[in-house]
Amino acid sequence: AARRLVERRRERVLRAQASLLALSPLAVLERGYAVLLTEQGRAVRAASEVSAGHSLSARVARGRLGVTVTETSEE
């Protein structure tokens with residue numbers, strides 16, 4: 001009975017771990033997405049927040065890229 005209890009709890013922990021990993025922002029980056037950050041470190045959520053000439057940092061799964069905005073457009 002004790003073994004079954006331990007196994008059920010282990011399975012529950014593994015399911016919770018999988019759920020957390022699926023929701024992790026790092027998991028999103030692993031799928032090929034990037035997060036654009038302003039020089040102040042804030043995430044860019046809309047094209048209207050920046051303009052041509054702004055320097056941004058693109059956070060990707062394994063590193064960062066320096067980015068200069070050349071144009072913007074709202075969709």
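**Entry 1: the strands**

I started at the hairpin, where 2 residues take the chain from strand 2 to strand 3. A reminder to myself before going on: this is a predicted model.

Strand 2 covers residues 55-60 and runs antiparallel to strand 3, with 6 bridges between them. I noted two facing pairs: Ala-58 is opposite Leu-65 of strand 3, and Ser-55 is opposite Thr-68 of strand 3.

Then I checked the other partner of strand 2. Strand 1, residues 35-37, is joined to strand 2 by 3 bridges, and this pairing is antiparallel too. Here I wrote down Val-35, which faces Arg-59 in strand 2.

How many of the 6 residues of strand 3 are buried? I get 0 for residues 63-68, so I have strand 3 down as hardly covered, with buried taken as under 20% relative accessible area.

**Entry 2: salt bridges**

I searched for salt bridges and found 2 in the structure.

One is between Glu-30 and Arg-62, and I read 2.9 Å between the closest N and O atoms. This pair ties together distant parts of the chain: Glu-30 belongs to helix 2, Arg-62 to the loop between strand 2 and strand 3, and 32 residues separate them. I looked up the cover on both partners. Glu-30 has a relative accessible area of 48%, so I log Glu-30 as partly exposed. Arg-62 comes out at 69%, which makes Arg-62 exposed, since the cut-off for exposed is over 50%.

The other is between Arg-10 and Glu-7, with the closest N and O atoms 3.6 Å apart. Both residues sit in helix 1, and their spacing of 3 residues is about one turn of the helix. Arg-10 is partly exposed at 46% relative accessibility, and Glu-7 is partly exposed at 37%.

**Entry 3: charge on the surface**

Which residues gather in the patch of positive charge? I listed Arg-4, Arg-8, Arg-9, Arg-12 and Arg-15, which come together on the surface.

Arg-15 is part of helix 1, residues 2-23. Is Arg-15 buried or exposed? The relative accessible area is 52%, so Arg-15 goes down as exposed, given that exposed means over 50%.

**Entry 4: two C-alpha distances**

For Val-28 I took Ala-61, 33 residues away in the chain, and the C-alpha atoms are 8.2 Å apart. Val-28 is a residue of helix 2, which spans residues 25-30. I also checked the cover on Val-28: the relative accessible area is 29%, so I call Val-28 partly exposed.

For Ala-16 I took Ala-52, which is 36 residues away along the chain, and here the C-alpha atoms are separated by 43 Å. Ala-16 lies in helix 1. At 40% relative accessibility, Ala-16 is another one I file as partly exposed.

Helix 2 holds Val-28, and Glu-30 of helix 2 is the partner of Arg-62 from the loop between strand 2 and strand 3. Strand 2 has antiparallel partners in strand 3 and strand 1.

Definitions and conventions: Residues are numbered from 1 along each chain as its sequence is written. This is a predicted model: local features need pLDDT of at least 70, side-chain atom pairs count only at pLDDT 80 or more; totals for chains, interfaces and linings use all residues. Side-chain values use heavy atoms; hydrogens and water are left out. Patches are made of residues with over 30% relative accessible area and no salt bridge: like charges are joined within 9 Å, nonpolar side chains (Val, Leu, Ile, Met, Phe, Trp, Tyr) within 5 Å. Accessible areas come from the Shrake-Rupley method with a 1.4 Å probe; for residues, only the protein chains shown count as cover. A salt bridge is a side-chain nitrogen of Lys or Arg within 4 Å of a carboxyl oxygen of Asp or Glu. Lys and Arg count as positive and Asp and Glu as negative; His and the chain ends are not counted. The place of a charge is taken as NZ of Lys, CZ of Arg, CG of Asp or CD of Glu. Helices (H or I, at least four residues) and strands (E, at least two) are DSSP runs, numbered from the N terminus. Buried means under 20% relative accessible area, exposed over 50%, partly exposed in between (1.4 Å probe, protein chains only). Two strands pair if DSSP finds at least two bridges between them.
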